[in-house]
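Thanks for coming, everyone. Please look at the sequence and the structure on the screen, and then we will walk through them together.

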Amino acid sequence: AQKDIGADIIIPLDELPPHHIDRKALAASVERSHRWEVRSLREHLKDSQQRKQAIFCVVHGGTDVELRTKSLEYLTSLP
């Protein structure tokens, strides 16, 4: 949808869990958001218009430093 309306900056769908979520549920949320981000990136890279639109990822993990670090490392490993 963001590509279709000509957005200059695209931010993939992600899950925004509540602040007081248990770690297991937060980790599952991070994994889910990462799957969505990869899916969005793949679609973005297929499109010849990609050079006119930027796509950004969002680091996940709430206030959990370990999960945020893992999220950062994973996301920055993507093309």
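Is R32 buried, partly exposed or exposed? R32 has a relative accessible area of 26%, so R32 is partly exposed. Here is the scale: buried means under 20% relative accessible area, exposed means over 50%, and partly exposed is in between, with a 1.4 Å probe and protein chains only.

A word on the source. This is a predicted model, where local features need pLDDT of at least 70, side-chain atom pairs count only at pLDDT 80 or more, and totals for chains, interfaces and linings use all residues. Residues are numbered from 1 along each chain as its sequence is written, and side-chain values use heavy atoms, with hydrogens and water left out.

Now the overall layout. The chain has two helices and two strands. From the N terminus, the order is β-α-β-α. These elements are DSSP runs, numbered from the N terminus: helices are H or I with at least four residues, strands are E with at least two. Along the principal axes, the C-alpha atoms fill a box of roughly 40 × 25 × 15 Å. The chain has 79 residues, and 24% of them count as buried. Next, contacts, meaning heavy atoms within 4.5 Å. Take the contacts with a separation of 6 or more: 58% of them join residues 24 or more positions apart.

On to charges. Side chains of opposite charge can pair when their charged atoms come close. The rule for a salt bridge is a side-chain nitrogen of Lys or Arg within 4 Å of a carboxyl oxygen of Asp or Glu. How many salt bridges does that rule give? The count is five.

Back to R32. R32 forms a salt bridge with E15, and their closest N and O atoms are 2.6 Å apart. This pair links distant parts of the chain. R32 is in helix α1, residues 23-46, while E15 is in the loop between β1 (9-10) and α1. The two are 17 residues apart. E15 has a relative accessible area of 27%, so E15 is partly exposed too.

Next pair. R23 forms a salt bridge with E66, with the closest N and O atoms 3.2 Å apart. Why does this pair tie together separate parts of the chain? Because R23 lies in helix α1 and E66 in helix α2 (residues 65-76), 43 residues apart in sequence. R23 is partly exposed, at 40% relative accessible area. E66 is partly exposed as well, at 44%.

E66 has another partner. K70 and E66 meet in a salt bridge, 3.3 Å from N to O. Both lie in helix α2, four residues apart, which is about one turn of the helix. K70 is partly exposed, at 47% relative accessibility.

Now the two helices. Two packed helices are described by the angle between their axes and the distance between the axes. Here the axes of α1 and α2 come within 11 Å and cross at roughly 15°. The axes are lines fitted to C-alpha atoms, for helices over the stretch in contact, and angles run from 0 to 180 degrees between N-to-C directions. So α1 and α2 are roughly parallel to each other. The classes are: under 35 degrees roughly parallel, over 145 roughly antiparallel, 65 to 115 roughly perpendicular, and the rest oblique.

Which residues meet? R23, L26, A27, V30, H34, E37 and V38 in α1 meet E66, L67, S71, Y74 and L75 in α2. By class, this contact has seven nonpolar, two polar and three charged residues. Nonpolar covers Ala, Val, Leu, Ile, Met, Phe, Trp, Tyr, Cys and Pro; charged covers Asp, Glu, Lys and Arg; the others, Gly among them, are polar.

Last stop, P12. P12 sits in the loop between β1 and α1. Is P12 buried or exposed? At 6% relative accessibility, P12 counts as buried. Leaving out residues up to four places away in sequence, P12 touches E37, S40, I55 and F56.

For contrast, look at K52. K52 is in the loop between α1 and β2 (54-55). At 61% relative accessibility, K52 counts as exposed.
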